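Here's a protein chain to explore. Take a look at the sequence and the model, and then we'll go through some of the details together.

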Amino acid sequence: MAECHPVGFQWVMEAKARGAKVVHVDPRFTRTSALADVHVPLRAGSDIAFLGGIINHVLRTDAYFRDYVVAYTNGPVVLREDFRDTEDLDGVFSGLDADSRSYDPSTWQYRGTSVQASSGRRDLRFDERTGAAPSVSEAARGESHGSGGPTTPGGEPERDESMTHPRCVLQVLKRHYARYTPEMVERICGVPQDLFRQVCDLVTENSGRDRTTAFAYAVGWTQHTVGVQYIRAASVLQSLLGNIGRPGGGILALRGHASIQGSTDIPTLFNLLPGYIPMPHAHHRQDLDAFVRADAARKGYWGNMRAYLVSLLKAYWGDAATEENDFCFDYLPRLTGSHSTYETVMAQLEGTCKGYFLMGENPAVGSANAKLQRLGMANLDWLVVRDFSLIESATWWQDGPEIETGELRTEDIGTEVFFLPAAAHTEKDGSFTNTQRLLQWHHQAVEPPGEARSDLWFTFHLGRIIRRKLAASTDPMDRPLLDLTWDYPTVGEHAEPDAEAVLAEINGRDAEGTPLASSEQLKDDGSTSCGCWIYCGVRADGVNQADRRTPGEQQNWVAADWGWAWPANRRVLYNRASADPDGRPWSERKALVWWDAERGEWTGHDVPDFPKDKAPGHRPPKDATGPEALSGTDAFIMQEDGKAWLYVPSGLTDGPLPAHYEPQDSPFPNLLYGRQRNPVRHLPPPHPDNRYQPSGGEPGTEVFPYVATTYRLTEHHTAGGMSRWQPYLAELQPEFFCEVSPQLAAERGLEHTGWATIVSARAVIEARVLVTDRVPPLTVHGRTLHQVGLPYHWGPNGYSTGDAANELLHLSLDPNTHIQEAKAFAVDIRPGRRPRGPAAPALVRAYRERAGIDEHTGTEP
């Protein structure tokens with residue numbers, strides 16, 4: 001966090017100055033480690049075993065917050081008799097179809113409820129939920145239901161408040177993690193037992209009624225074939241300890257650069273609409289009501305999904321969206337499968353994707369298996385690149401690695417590349433939404449130079465020109481574009497769209513045009529419009545709430561008048577859980593919101609995340625729906641059962657509980673289960689430049705004996721497009737390097753500041769050698785493991801140049817999010833510079849032959 005998120009890390013240091021303990025778990029000793037109380041080096045890719053060991057410690061020692069677990073989690077809920085755990089099936093859950101690489105979650109359900117599909121496969125059960133005719137057969141996996149969570153209708157689940165029933169969630173959890181012992185953690189992760197037990201004690205001693213512990217993670221947890229389950233494991237632990245919904249607790253997703261949170265809220269993701277509303281699939285006769293019937297929850301705030309969606313459709317299409325035409329629901333695109341960035345690359349290679357826009361992205365060096373990215377772009381008809389500088393994704397056709405090796409020739413590439421200069425954030429107005437869901441407004445400081453323009457300018461004027469060209473069209477296919485509300489006012493000599501006008505559209509209005517103050521004002525009859533329901537209120541009273549900057553000394557510790565946090569300017573989600581079932585704070589020290597019986601409402605330091613006038617003892621009528629169906633203790637209001645989920649009955653594609661699997665390419669077998677890898681990890685169609693490696697003791701595993709991991713540096717930014725072109729930053733970190741331990745350097749003949757050649761089954765790269773104690777050897781599976789650290793910022797363009805670490809990566813993806821596995825993979829490392837020209841791919845082929853690699857290697861479930 002100090003290395004990659006230094007602005008936010010100042011508050012960690014503030015907490016440490018007040019007595020907080022900081023534990024840093026990372027394969028490398030970094031700037032964060034230097035400032036932490038405890039550094040825990042572990043093997044990259046083994047975090048579920050580590051977290052599972054802490055969960056086992058919490059359950060075995062009864063250190064969990066029992067009152068919290070009973071009241072606010074699904075710990076007491078009883079599961080079906082036919083559910084089988086990884087403990088029963090040696091590493092898989094019941095319902096696995098190995099041929100389709102997918103789970104049927106029928107047996108995962110609560111006893112007493114009906115079957116629901118996992119979030120990424122919901123369209124497969126659309127027909128039975130709605131009575132529709134058969135439709136598409138393949139789902140877009142992953143986050144297709146966003147944060148709404150899956151539904152669990154069909155009656156109230158059976159509960160055992162004593163949590164002693166052998167099939168209740170807590171008991172299932174105990175059995176699942178019983179083998180995640182300190183001894184097993186040491187063997188899998190390389191973490192000594194004494195150090196592991198120290199972490200367990202620190203976490204448990206700082207959790208409970210009077211204390212809370214927070215977890216902060218970044219892409220080191222997401223970029224794995226089990227990345228979602230990493231975060232799930234932290235959620236299980238934090239829910240057991242009562243650290244969710246309380247001040248000083250929670251799980252913070254650290255955001256790597258400006259408005260990453262914003263780009264998922266108002267999404268750049270293919271399968272979500274703004275506010276995490278799922279994108280519809282291509283079903284027959286799917287009207288608005290059928291879509292809502294299939295995807296909205298019966299209970300909780302997702303029960304209002306029709307109001308959120310209709311208001312969004314009104315924001316998109318205005319007067320053209322009427323009740324008679326289903327508010328233009330048919331104008332929305334339909335999913336026919338997964339359209340993630342990596343599926344798009346495969347579609348480019350297949351010739352079905354003809355054109356591509358790159359805005360703020362540099363896949364030629366910044367995405368997994370960078371060679372495939374370039375080969376895909378070489379197969380396009382046209383490519384538009386918008387960036388600050390001539391990044392590698394704009395120049396690969398003339399000087400990319402494949403030009404040097406002879407695998408591509410400039411004269412044979414038919415892609416027409418358009419490079420358009422982009423404005424920096426200092427050259428435009430707008431908002432950032434980052435960690436803590438906090439919107440902060442920034443003002444334009446200077447005009448962009450030359451022909452550089454903002455993304456807002458580019459998108460608005462491109463749409464304006466397309467609409468003008470289509471104005472006379474009578475083709476129904478063009479109506480969605482022509483009916484768009486595309487009337488933003490412009491300012492200045494460049495006709496820049498007014499960013500505040502866009503924010504006003506996102507905030508929403510009533511039928512008279514008055515700004516809305518809350519998402520609870522949204523209606524499903526077309527009388528309100530709102531571009532993103534979770535942002536409703538950011539312009540309450542017509543005031544830009546994101547532009548507030550009241551100093552901390554002028555407000556309370558929650559700092560509600562600094563910027564604006566979605567939803568409703570709430571700073572801690574699910575904060576009803578900060579009070580006990582009777583509405584009293586668990587402790588005065590950790591008081592956040594509480595029930596004021598005299599006034600008959602929830603009050604406190606933060607905006608209560610609960611219906612304001614719903615008393616703790618409230619029990620809803622059986623026919624209630626939406627928010628009205630929540631009881632006075634259903635603190636997790638976005639979940640249909642109102643509970644935090646220790647166990648996930650539906651909503652994930654790869655299992656109801658986190659289980660340790662080895663990375664796609666691993667030098668070690670899975671010590672916990674007979675199943676080596678995540679059985680439903682997402683593998684794209686085979687491609688000769690995306691070969692996988694043997695793992696777990698298979699013949700050829702020894703050819704790639706070391707674990708590599710990629711990471712960021714403070715001095716550079718993501719794929720380097722902003723930083724490698726800055727002379728001062730280039731001087732601070734002038735060359736691509738690899739970090740190795742003195743022991744590995746001695747073993748492989750590597751010299752400090754000399755050159756190393758690093759090889760995987762996909763590529764070969766070279767890096768300067770940094771011999772350092774920051775990457776210590778670990779004892780894993782009873783033998784010494786060396787790890788190689790690779791910063792991923794480099795490419796051949798700019799002041800500071802070098803090979804790209806992401807050349808080495810495969811395309812093996814988390815099945816829920818389609819995120820690549822970049823933080824744990826196996827390599828070989830040798831002294832000297834890599835070969836040039838055709839000799840480079842020849843070396844990779846030689847390694848493949850030594851390891852016995854073919855198109856089937858590593859593809860088994």
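## Before we start

This is a predicted model, where local features need pLDDT of at least 70, side-chain atom pairs count only at pLDDT 80 or more, and totals for chains, interfaces and linings use all residues. Residues are numbered from 1 along each chain as its sequence is written, and side-chain values use heavy atoms, with hydrogens and water left out.

## The inside

In soluble globular proteins, nonpolar side chains tend to be buried together. A nonpolar core here is a set of buried Ala, Val, Leu, Ile, Met, Phe, Trp, Tyr and Cys residues joined through side-chain atoms within 4.5 Å.

Which residues touch the most other members of the largest nonpolar core? They are I277, W302, L309 and F636, out of 69 residues in that core. Elements giving two or more residues to this core include α4 (66-72), α13 (288-295), β13 and β17 (593-596), but α14 gives the most, with 8 residues. Another core, of 66 residues, lies apart from this one and has W108, L173, W645 and L672 among its members.

Helix α13 also holds R293. At 49% relative accessibility, R293 counts as partly exposed. R293 and G303 are 10 residues apart in sequence, and their C-alpha atoms are 9.9 Å apart in space.

## Strands side by side

Two strands count as paired if DSSP finds at least two bridges between them. β12, β13 and β16 form an open sheet in that order, with antiparallel pairing. β12 (430-434) and β16 (564-565) are at the edges with a single partner strand each, so one side of each has no neighbour in the sheet. Strand β13 (residues 438-442) is joined to β16 by 2 bridges, and L438 has A565 as its bridge partner in β16.

Now find β17 and β18 (residues 601-604), which pair in the antiparallel sense over 4 bridges. W594 has T603 as its bridge partner in β18. The two strands, β17 and β18, form a hairpin with 4 residues between them, and G600 in the turn has a positive phi of about 70 degrees.

Patches are built from residues with over 30% relative accessible area and no salt bridge; like charges are joined within 9 Å, and nonpolar side chains (Val, Leu, Ile, Met, Phe, Trp, Tyr) within 5 Å. Accessible areas come from the Shrake-Rupley method with a 1.4 Å probe, and for residues only the protein chains shown count as cover.

On the surface, F357, M359, W382, F418, L420, L462, I466 and L481 form a nonpolar patch, with about 610 Å² of accessible area together. β9 (355-359), β11 (416-421) and α20 (455-469) each supply at least two of the patch residues. L462 is found in helix α20, and counts as partly exposed because its relative accessibility is 33%.

## Charged partners

Side chains of opposite charge can pair when their charged atoms come close. A salt bridge is counted when a side-chain nitrogen of Lys or Arg is within 4 Å of a carboxyl oxygen of Asp or Glu, and the structure holds 44 of them.

One of them joins R179 and E87 at 2.9 Å, N to O. R179 is in the loop between α7 (169-177) and α8 (182-189), while E87 is in helix α5 (residues 86-89), so the pair ties together parts 92 residues apart in sequence. R179 counts as partly exposed at 32% relative accessibility, and E87 does at 27%.

Another salt bridge joins D455 and R386 at 2.4 Å, N to O. This pair links distant parts of the chain, with D455 in helix α20 and R386 in strand β10 (residues 382-387), 69 residues apart. Are these two buried or exposed? D455 is partly exposed at 33% relative accessibility, whereas R386 is buried at 2%.

How values were computed:
Buried < 20%, exposed > 50% of the residue type's maximum accessible area, 1.4 Å probe, protein only.
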